[in-house]
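This briefing is intended for a reader who has the sequence and the coordinates at hand.

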Amino acid sequence: MNDSLFTGKLVRLAAQDPEKDAATIATWDKDTEYTRLLAVDPVTPPQLKNKRERLERMPNPHFYSFGVRTLADDKLIGFVALLRVNHVHGDAFVGIGMGDPAYRGKGYGTDAMNLILRYAFQELNLHRVSLDAVATNARAVRSYEKCGFVLEGQTRGTEFRNGIRDNIVSMGVLREEWESKQVKS
Amino acid sequence: MVLQLFEGEKIRFAAFDADKDAEIFSKWTHDPEYLRLTEYEAARPLAPFHIKKKFEEMEKDAHGDFYYFVLRAKEDDRAIGFAHIRWVEWNHGNAHFNLAIGSPDDRRKGLGSEALQMLLRYAFEELNLYRFTTHTFEYNDGAQNFLTKHGFQLEVRRREAIYRDGRYWDALSYGILAEEWAKSADSK
C-alpha cells in the first residue's frame, strides 16, 4: 500500500488554486461534450469569474474537492470531488472529470478515483460512496467498475439531450468491497 | 379537463402560512417516528421560529423553482401535512418530491393517497414533466407500498446508505413516467 494519501500511480490529488487553476478549468468547460456529462443542468459558456469564485469557497465537512495532477510533469488534467458528504450515515457522492482530453481513456481518471475512494474510506471513514452517470457514457462506467463500483439501479429517461432519452445509472461501492479489492491487488 | 388542481375531496393544497402553520409543523418534529419516516438528516426538533426560517431557506435555495403545498383537511381547515416539489430539471423534465402526513391520527385514511393523486396531476398536467422521482428508506414499508400502489417503480437501491438504530438500511429511489401515470386510475 502506498503510504501517501494523495499520491497514486499516475496522478496526485492537489488543492485547487483559485488564482492559477480557474483559467484551466474554464478552458476545459468550453467543451460541451464534456460538460454535458458532468451535470444535468443546462450547459452555459464558462465564465472565468464564476470558476474562480467556486474555487474560493471555504472547504467544509460536506464537500471535498481536489485538482488531479500528473506525477510525470505536475500538469493539471482534471478534478475529483466528494459532495453531499453525510457523516451521520457515512454516505457521499463522488464527481470526477478529466478536463484535458489528452488524458482520457488512459487510466488517469481511474487512478484519481482510486485515490479519492481511499480518502473517503480511510480518512473520512465513510461507509459507502455513490455516483450517477449517463448510461451511454460507457468509458466512465467501465472505469467505475474497475474501481469497485457496482450498478445499483437506473432512473429511466432522466437524461434528455439531442432529442434522445437515456437512463441515468446509479452506482455504489461499500467500504468492505473496496477493502477486499485492495488486498487482492 | 380538470380545473381544480388544489381542491380534493377531503383535502386541499394551500400555501404555507407561517403564522398559522409553524406551530403544528414544530409539533411534528418532536415525533421521532415522523422524522425517521421522512428525513434523511439526523432527527432534531425545531421551534416554530426555525420552521419558518427553514421554509424561507428552502425557498431561497430553490431560486423560485419551488412548489410547496400545505395539505389542509377540508372539514376543519387544519394542516395535516405537506407536499413539495424541488430540484426541477426543466431541460430533462424530471423533478423530485416529498410528501408527508404529520400526525399518526391522520394516516391510513386515504388522505396521503388523495394528496399524491393531486400532486401527480400537478406534476404532469401543470408542470408538464416527463417523469417524477421520490426517495424513501428500506425500513419504511408503508411508503414503499404506497408508491407501488400509485404506479411508481423502484429504480435505485443505494445499498446501506442509511445508518439508523445500529444497522445499515438501503436508500430507495422510485420513479413514474408521465405515460405510465396517464394510463393509471390516478389520472382519471
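How many bridges join β5(B) to β7(B), and do the two run parallel or antiparallel? Seven bridges connect β5(B) with β7(B), and the two strands run antiparallel. The model discussed here is predicted, with an ipTM of 0.94 and a pTM of 0.94. For chain B the average pLDDT is 95, and 99% of the residues score at least 70.

**Strands β5(B) and β7(B)**

- Within the antiparallel pairing of β5(B) and β7(B), B:Phe132 stands opposite B:Ile176, a residue of β7(B).
- β5(B) is mostly covered, since six of its seven residues count as buried.

**Contact between the chains**

- On the chain B side, 22 residues are in contact with 21 residues of chain A.
- Three elements of chain B each give two or more residues to the side that touches chain A: β5 (131-137), β6 (153-164) and β7 (167-177).
- Of the side of chain B that touches chain A, β6(B) supplies the largest share, with nine residues.
- Sorted by class, this side of chain B holds eight nonpolar, seven polar and seven charged residues.

**Overall form of chain A**

- Chain A contains six helices and seven strands.
- Along the sequence of chain A, these elements follow the pattern β-α-α-α-β-β-β-α-β-α-β-β-α.
- The radius of gyration of chain A is 16 Å, close to the 16 Å that the globule rule gives for 185 residues, so chain A is as compact as a globular protein of that length.
- The C-alpha trace of chain A spans about 45 × 40 × 35 Å along its principal axes.
- Of the 185 residues in chain A, 37% count as buried.
- When contacts in chain A between residues at least 6 apart in sequence are considered, 58% join residues at least 24 apart.

**Nonpolar cores**

- The largest nonpolar core has 38 residues, and the members that touch the most other members are B:Leu71, B:Ala83, B:Ala115, B:Leu119 and B:Ala123.
- Helix α4 (residues 111-126) of chain B gives the most to this core, namely eight residues.
- Not counting residues up to four places away in sequence, B:Ala115 touches B:Ile11, B:Leu71, B:Gly81, B:Ala83 and B:Leu99.
- A second, separate core consists of 36 residues, including A:Phe66, A:Val94, A:Leu117 and A:Ala120.

- Is B:Ile51 buried or exposed? B:Ile51 counts as buried because it has 21 C-beta neighbours inside 10 Å, where the cut-off for a buried residue is 20 or more.
- B:Met58 has 14 C-beta neighbours inside 10 Å and therefore counts as partly exposed.
- Not counting residues up to four places away in sequence, B:Ile51 touches B:Ala22, B:Phe25, B:Ser26 and B:Leu46.
- B:Ser26 lies 25 residues from B:Ile51 along the chain, and the C-alpha atoms of the two are separated by 6.4 Å.
- For B:Met58 and B:Asn98, which are 40 residues apart along the chain, the C-alpha separation is 13 Å.

**Loop residues with positive phi**

- A:Asp74 is not a glycine, yet has a positive phi of about 55 degrees.
- The position of A:Asp74 is in the loop between β2 (64-70) and β3 (76-86) of chain A.
- A:Asp74 counts as exposed because it has 10 C-beta neighbours inside 10 Å, where the cut-off for an exposed residue is 12 or fewer.
- In chain B, B:Arg108 has a positive phi of about 60 degrees although it is not a glycine.
- B:Arg108 belongs to the loop between β4 (94-101) and α4 of chain B.
- With 10 C-beta neighbours inside 10 Å, B:Arg108 counts as exposed.

Technical notes. Residues numbered from 1 in each chain as written. Chains lettered and ligands numbered in written order. Predicted model: local features only at pLDDT ≥ 70, side-chain atom pairs only at ≥ 80, totals over all residues. Contact = placed C-beta atoms within 7 Å. Helix = DSSP H or I, 4+ residues; strand = E, 2+ residues; numbered from the N terminus. Nonpolar A, V, L, I, M, F, W, Y, C, P; charged D, E, K, R; others polar. Pairing = 2+ DSSP bridges. Rg over C-alpha atoms; globule rule 2.2 N^0.38 Å. Core = buried A, V, L, I, M, F, W, Y, C linked by C-beta atoms within 7 Å. pLDDT = per-residue confidence, 0-100.
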